[in-house]
Each structure stands twice: as C-alpha cells, then as structure tokens.
Amino acid sequence: MEEMFWFIDADPQGSLTECFGYEQPDTMDVTLSTIMEKVINDEWGDSITQDHVEDKEDYLLGILPQEDGVSLLPGNIELSGLEVSLVNVMSRETVLRRYINSIRNRFDYILIDCGPSLGMITLNVLSAADSVLIPVQAEYLPMKGLEQLLGTVARVKKHLNPKLEIEGILLTMTKPRTIYGRDIASLVREGYGKRITIFDEDIPASVRATEASALGMSIFRHDPKGKVAKAYSSLVGEVLKRG
C-alpha cells in the first residue's frame with residue numbers, strides 16, 4: 001500500500017507551493033490561511049472524523065493531490081495578515097494543531113515548511129509538530145539565528161507541546177571544497193553536536209537543485225542521479241533509521 005505524504009506550506013512567501021508548480025500562490029482560493037481562518041471562526045469543527053472527511057471535497061480541506069502519494073496544502077502572502085490577527089485569538093498557538101488533528105489519520109507523514117521568522121505561524125507549527133528538523137545554510141549569518149530558534153523550541157516544548165522533539169540539524173547548501181564551507185560545517189558540529197543530532201548527510205549547493213525549484217519539479221525527477229538527489233535519499237534513510 002502506497003504511503004501518503006502531506007506537505008503544508010506555512011511560509012508567507014509560498015516557496016514550497018511554487019516548487020510544486022503553482023506559479024501564482026497568492027491567487028489560490030484555498031490555502032493554509034483560509035483554512036486557519038475557518039478554525040478561528042469556529043467554521044471547522046473538531047468533531048470531524050475520518051468517515052466525515054472522506055465525504056467532503058479534498059480541495060475544500062486544503063488537500064491538493066500531487067504525484068507519488070503526495071498532497072499539498074498551499075501557503076501564500078495571506079499568512080502575513082493572519083499572523084497579525086492571531087494575536088487576539090483565544091488559544092492562538094494551537095489553531096493549526098486543531099485543524100491537523102481533525103484529518104491527520106489520512107496521512108502517514110505530514111511535513112510542514114516554515115519561514116525563517118519566529119512569529120505566531122511558526123509557533124502554531126511547533127505546537128502541532130511531533131519533531132522539528134532544522135535546516136541551516138552553511139553560512140555565518142544563518143548559523144547565528146540557530147541559538148534563538150533552539151530557545152523557541154525549548155519554550156514551546158515546556159509550555160505548549162511536551163512531545164516536541166528536535167529531529168536534528170541539517171546542513172544545507174554546503175560547499176565542502178572551500179575552506180570557508182568546511183569551517184562553517186565544523187563550527188556547527190563542534191558547537192551543537194554534543195547535545196543535538198547533526199545529520200551525517202549534508203545537502204550540497206547545486207545549480208541543478210535551483211533549476212528543479214524553478215521548474216516546479218522534484219530533484220528526483222529533474223536530476224535523479226545527481227549529488228543532491230543522492231544526498232536527500234541518504235537523509236531520508238537517516239531520519240527513518242533514527243525514528
């Protein structure tokens with residue numbers, strides 16, 4: 001039986017949505033923002049069950065079927081406006097969790113893509129998640145923000161989501177052939193490796209990966225034998241082995 005994956009785009013830039021081939025995410029009618037607004041306005045009942053959901057239209061649930069057992073909930077710029085309005089909402093950190101819990105049984109894996117900010121949308125994601133995988137670009141400035149993110153994860157675990165765990169830190173866009181690239185990778189491993197899992201597999205910088213994103217195509221289809229596809233395959237193996 002084919003495993004089912006659900007990707008949720010929680011980034012106002014809608015980058016994940018565009019990577020799936022939707023070139024104008026800001027014009028889409030059903031997105032994470034519209035779904036969360038329904039939850040806020042009590043138009044999305046917590047009593048929805050598996051049987052009820054299957055009688056509904058997937059599109060209205062925010063489930064856009066793709067290929068290979070993958071579905072997408074798009075995100076767009078409307079999330080920025082929702083971020084502001086969430087401030088005055090009761091139980092504002094758990095809006096996304098209530099939505100996901102109502103239909104999560106339909107999927108084997110749910111992956112949520114966050115933007116780089118630590119605002120209310122990100123708090124919703126951390127409150128809904130079982131674990132968090134932290135990608136860190138192998139550059140000095142992205143690495144500086146890592147400690148702040150780890151502090152936020154710790155606070156969410158303490159106050160909102162006791163089951164939240166850190167899956168690990170993933171170094172991305174690495175340049176192992178340069179001294180600078182090797183130095184940054186060493187700093188991350190030396191600074192955090194004793195208390196947090198650092199994945200053995202890094203994701204190297206690659207023009208082919210950039211092309212795949214621009215084409216709205218998986219790297220496994222665009223360049224299946226390339227170094228990035230091989231790196232992601234190894235990463236999946238690591239995650240599943242540790243899970």
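1. Which residue in β4 does phenylalanine 5 stand opposite? Phenylalanine 5 stands opposite tyrosine 109. This is a predicted model, in which local features need pLDDT of at least 70, side-chain atom pairs count only at pLDDT 80 or more, and totals for chains, interfaces and linings use all residues. Residues are numbered from 1 along each chain as its sequence is written, and side-chain values use heavy atoms, with hydrogens and water left out.

2. Start with strand β1. Helices (H or I, at least four residues) and strands (E, at least two) are DSSP runs, numbered from the N terminus. Two strands pair if DSSP finds at least two bridges between them. β1 pairs with β3 in the parallel sense, over 4 bridges. β1 also pairs with strand β4 (residues 109-114), again in the parallel sense, over 6 bridges. Phenylalanine 5 has valine 70 as its bridge partner in β3.

3. Next, the aromatic pairs. Rings of Phe, Tyr and Trp (its six-membered ring) pair if their centres lie within 6.5 Å; planes under 30 degrees apart count as stacked, over 60 as edge-to-face and the rest as tilted. The count by this rule is 4 aromatic pairs. The rings of phenylalanine 5 and tyrosine 109 have centres 5.2 Å apart and planes at 15 degrees, so this pair is stacked. The pair links distant parts of the chain: phenylalanine 5 lies in strand β1 and tyrosine 109 in strand β4, 104 residues apart. Buried means under 20% relative accessible area, exposed over 50%, and partly exposed in between (1.4 Å probe, protein chains only). Phenylalanine 5 counts as partly exposed because its relative accessibility is 25%. Tyrosine 109, at 34%, also counts as partly exposed.

4. Now tryptophan 6. Tryptophan 6 and tyrosine 99 form an edge-to-face pair, 5.7 Å centre to centre with 70 degrees between the planes. This pair, too, links distant parts of the chain: tryptophan 6 is in strand β1, tyrosine 99 is in helix α5, and they are 93 residues apart. Both tryptophan 6 and tyrosine 99 are buried. Ring pairs link Trp6, Tyr99 and Phe107 into a cluster. Contact means heavy atoms within 4.5 Å. Not counting residues up to four places away in sequence, tryptophan 6 touches a list of residues including Gly62, Ile63, Leu72, Ile100 and Leu111.

5. Then the cores. A nonpolar core is a set of buried Ala, Val, Leu, Ile, Met, Phe, Trp, Tyr and Cys residues joined through side-chain atoms within 4.5 Å. The largest has 47 residues, of which Trp6, Tyr99 and Ile169 touch the most other members. Helix α6 gives the most to this core, with 6 residues. A second, separate core of 9 residues includes Phe199, Ala212, Val228 and Ala229.

6. Look also at helix α2 (residues 32-40). Its buried residues are Leu32, Ser33, Thr34, Ile35, Met36 and Val39. Their cover includes β1 (5-10), β3 (70-73), α4 (78-85), α5 (95-103) and α6 (120-128). Aspartate 42 follows α2, with a positive phi near 60 degrees.

7. Last, an open sheet. It has 3 strands in the order β5-β6-β7, with parallel pairing. β5 (131-137) and β7 (203-204) stand at the edges with a single partner strand each, so one side of each has no neighbour in the sheet. Strand β6 (residues 165-174) and β7 run parallel, joined by 2 bridges. Threonine 172 stands opposite isoleucine 203 in β7.
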